Amino acid sequence: MATEILMPALSPTMEEGTLAKWLVKEGDTVSSGDILAEIETDKATMEFEAVDEGIVGRLLIAEGTSGVKVNTPIAVLVEEGESADAAPAAKSAPATAPAAAAAAPATPPAATLAVAVSGGARVLASPLARRLAKEKGIDLSALTGSGPHGRVVKADVEAASSSPATKTPTAAVQTPATAASAPAAMPAGPSAASVAKLYEGRDYEEMPLDGMRKTIAARLTEAKQTIPHFYLRRDVQLDALMKFRGQLNAQLESRGVKLSVNDFIIKACANALQAVPDANAVWAGDRILKLKPSDVAVAVAIDGGLFTPVLKDAHQKSLSALSSEMKDLAGRARSRKLAPHEYQGGSFAISNLGMFGIDNFDAVINPPHGAILAVGAGVKKPVVKADGEIGVATVMSMTLSVDHRVIDGALGAELLKAIIENLENPMAMLA
């Protein structure tokens with residue numbers, strides 16, 4: 001019996017992808033674990049493995065096709081002696097899924113939510129479908145899901161929104177109290193056509209959004225609209241660190257190791273999260289998760305976007321180990337070769353723009369992280385020394401963006417103080 005191979009969700013944020021390259025051809029025999037294709041996700045180019053064995057009867061999606069929705073059939077496997085004539089013809093145009101598959105959001109199954117309904121039963125629904133249903137007053141229990149395993153998806157809610165029978169009674173007529181408590185719809189920006197009209201007669205190049213840019217736009221919009229940011233600012237004097245770094249690099253030169261200031265910042269943040277464990281936390285919807293290890297994410301700029309690879313257990317690693325791991329992660333991030341587990345997770349992030357001469361800035365929290373540290377450039381400035389004399393010091397400005405749902409003001413200040421103390425007393429970090 002023919003088996004359809006579906007476009008996989010290779011990352012939690014993947015909604016669609018580009019079938020970059022087929023590594024098999026029609027007629028090839030494949031086994032479970034064989035690499036079938038290279039797929040470009042919203043973050044990286046990844047290899048896609050077969051989970052079944054058989055013969056490639058038909059390649060349904062042509063190599064290089066972009067915008068292939070998750071769960072869209074991309075190939076057909078047949079058994080020995082079975083004809084592939086019944087398999088659908090290949091598509092070379094941008095892929096479209098069958099009605100049910102196209103309707104399914106590209107949220108991986110793990111993100112499916114079981115929503116309780118008044119009758120005590122539970123309805124499988126995607127997070128987006130659940131939110132839309134709440135906004136539109138749709139009773140999810142009255143819908144038949146078209147997603148995997150009967151899951152209610154966005155298209156099901158939109159199709160039902162015009163049917164009054166699916167709306168909850170309270171949604172039909174809202175009292176002032178319920179109207180005030182109803183979630184406001186996300187403000188929609190101007191359409192592409194209306195923006196283009198503003199620039200009629202002007203020379204410009206239109207740049208279509210790739211998967212990474214769409215994901216960045218969606219996640220950072222979500223972050224600024226849903227996370228109550230507050231900001232804490234401190235200056236740190238780096239002279240002791242710069243001197244200590246020079247000494248270490250001289251000793252490590254024979255091993256080919258060169259520590260950067262950013263390596264010290266990573267270590268300082270990792271140790272600070274251990275010293276202030278209540279700040280080592282993430283927001284999880286209806287609860288807070290307090291992490292035991294210090295898993296620190298570091299923003300890496302790449303062509304067309306950025307990655308935030310995570311250095312796990314950073315508090316347990318030496319400066320040279322952190323430096324080596326960071327160089328490896330950054331290199332593979334720039335070539336988009338990171339695996340999802342290497343840029344997911346963590347409770348805290350660092351964004352350093354000091355190398356571009358930026359004095360200070362406010363970074364946007366990457367959900368579900370509790371905080372992100374924005375690092376500016378080290379600049380020579382006049383300072384008042386401990387003895388009251390005026391002197392010159394290398395001063396770096398830092399801004400901690402904090403999610404107030406997770407970390408209160410005093411706790412955030414305690415975390416930033418611990419980071420500063422680590423950086424101003426770098427030898428203590430190695431104790």
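Asp-328 is partly exposed, with a relative accessible area of 39%, where buried means under 20%, exposed over 50% and partly exposed in between, computed with a 1.4 Å probe and the protein chains only. The model is predicted, and for this reason local features need pLDDT of at least 70 and side-chain atom pairs count only at pLDDT 80 or more, while totals for chains, interfaces and linings use all residues. Residues are numbered from 1 along each chain as its sequence is written, and side-chain values use heavy atoms, with hydrogens and water left out.

**Salt bridges**

Side chains of opposite charge can pair when their charged atoms come close. A salt bridge here is a side-chain nitrogen of Lys or Arg within 4 Å of a carboxyl oxygen of Asp or Glu, and by this rule the count comes to ten. The table gives three of these pairs.

| Pair | N to O distance |
|---|---|
| Arg-332 and Asp-328 | 3.0 Å |
| Lys-214 and Glu-16 | 3.2 Å |
| Lys-25 and Asp-28 | 3.3 Å |

Arg-332 and Asp-328 both belong to helix H10 (residues 319-334), where they stand four residues apart, about one turn of the helix; helices (H or I, at least four residues) and strands (E, at least two) are DSSP runs, numbered from the N terminus. Arg-332 counts as partly exposed, at 23% relative accessibility.

The side chains of Lys-214 and Glu-16 meet in a salt bridge. Because Lys-214 lies in helix H7 and Glu-16 in strand S2 (residues 16-22), this pair ties together parts that are 198 residues apart in sequence. Lys-214 is partly exposed at 39%, and Glu-16 is also partly exposed, at 22%. Together with Lys-69, these two residues are linked in a network of salt bridges.

**Helix H7**

The buried residues of H7 are Met-212, Thr-215, Ile-216 and Ala-223. Seen down the axis of H7, they fall within an arc of 100°, so they line one face of the helix; the arc is that of the directions from the helix axis to the C-beta atoms. Their cover includes strand S11 (229-237), strand S15 (300-302) and strand S16 (305-307).

**Nonpolar core**

A nonpolar core is a set of buried Ala, Val, Leu, Ile, Met, Phe, Trp, Tyr and Cys residues joined through side-chain atoms within 4.5 Å. The largest one has 81 residues, and Ile-265 is one of those that touch the most other members. Helix H9 (residues 261-275) provides the largest share of this core, nine residues. Apart from it lies another core, of ten residues, among them Ala-223 and Ile-227.

Technical notes
Contact means heavy atoms within 4.5 Å.
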